[in-house]
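Hello,

Here is the structure, with the sequence alongside. My notes follow below it.

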Amino acid sequence: MCGFFCITGRDVGKIVSNKEVISTGEKFIHRGPDSQNHYFEKEFKCYFRRLSIIDINQRSNQPFVSDCDRYVLLFNGEIYNFKIIKNELINLGKKFRTQGDTEVLLKAFQFWGKNFVKRIRGMFSICIWDKKLKTFYAYRDRFGIKPLYYTKFRSSYIFSSEIKDIINLLKQKKFSENRKVVKNYLYNSFLNDSEESFFKDIKSVQPANLIEISNSKLKISKYWSLKYSEKLNLNKHEIINKFKKAFELHTISDVPIAYTLSGGIDSSL
């Protein structure tokens with residue numbers, strides 16, 4: 001999968017240098033063998049490592065900057081309904097320069113605002129920087145399939161797909177193990193039941209959460225929650241059709257794909 005990290009805040013330059021950002025990004029190349037790139041400005045720095053699946057052309061490389069040069073997007077995951085959203089935006093007069101899902105996310109954010117996430121279907125961690133308003137947005141998918149961690153240091157925040165990026169960037173800070181989480185994991189196999197991680201002061205963005213940061217103030221909100229209703233009365237053919245449709249959306253790819261199958265229900269299907 002792809003991987004990224006970003007730092008936002010007033011004292012970003014005092015916390016990590018451009019050289020340190022690049023060296024950290026290059027150190028963990030396993031998440032992005034196809035492309036690596038960075039983006040720097042006064043209150044925002046980021047690094048992206050890409051594993052190309054949709055629109056493997058370099059035009060879809062990240063960090064992805066909007067046509068108006070106002071927004072910067074980093075995104076790890078897959079958006080299953082991106083073609084549907086793209087067609088909707090085209091019908092509304094929007095134009096695209098790529099064939100991938102990354103640009104669709106950014107155009108959707110620009111058109112519908114921060115609640116655009118309610119329209120998308122997929123697994124994802126998304127970070128967006130608004131250069132004009134100096135506001136940062138971070139999203140995690142509805143069930144927390146894609147990881148996203150963060151920590152606060154001084155008046156800045158670091159977000160990353162992996163904890164090791166955060167630890168490597170903040171060499172001046174010592175992170176101690178969170179024994180409560182370690183014990184809970186070893187005894188009960190629970191890990192994602194709270195925002196805490198294996199390290200103190202490093203938190204996990206919770207599933208279906210939106211984080212907004214402006215003027216060094218962090219605000220967390222939930223954009224979706226599972227609603228229970230009466231059981232659907234579906235016949236055999238309706239179930240098969242729904243399954244096939246979901247399978248088709250999950251296997252959209254511009255490169256060959258492979259499967260690892262077990263003896264579970266999903267593999268048996």
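Glu196 forms a salt bridge with Lys180, with the closest N and O atoms 2.8 Å apart (a side-chain nitrogen of Lys or Arg within 4 Å of a carboxyl oxygen of Asp or Glu). Glu196 lies in the loop between helix H6 (179-188) and strand S10 (203-204) and Lys180 in helix H6, so the pair ties together parts that are 16 residues apart in sequence. Lys180 counts as exposed, at 56% relative accessibility. Helices (H or I, at least four residues) and strands (E, at least two) are DSSP runs, numbered from the N terminus.

On provenance: this is a predicted model, in which local features need pLDDT of at least 70, side-chain atom pairs count only at pLDDT 80 or more, and totals for chains, interfaces and linings use all residues. Residues are numbered from 1 along each chain as its sequence is written, and side-chain values use heavy atoms, with hydrogens and water left out.

Other salt bridges

By this rule the count comes to 16 salt bridges. Arg70 pairs with Asp130, the closest N and O atoms being 2.9 Å apart. Here Arg70 sits in the loop between S4 and S5 and Asp130 in strand S6, 60 residues apart. Asp130 counts as buried at 2% relative accessibility, while Arg70 is partly exposed at 22%. Glu41 and Lys134 also meet in a salt bridge (3.9 Å, N to O). That pair links distant parts of the chain, with Glu41 in strand S2 and Lys134 in the loop between S6 and S7, 93 residues apart. Asp67, Arg97, Glu103 and Lys107 are linked in a network of salt bridges.

Helices

Nine of the twelve residues of H4 are buried, among them Glu103 and Lys107. Gly113 follows H4 and has a positive phi, near 85 degrees.

In helix H2 (residues 18-27), Val21, Thr24 and Gly25 are buried. Seen down the axis of H2, these buried residues fall within an arc of 100 degrees, so they line one face of the helix (the arc is that of the directions from the helix axis to the C-beta atoms).

Regards

Notes: Buried means under 20% relative accessible area, exposed over 50%, partly exposed in between (1.4 Å probe, protein chains only).
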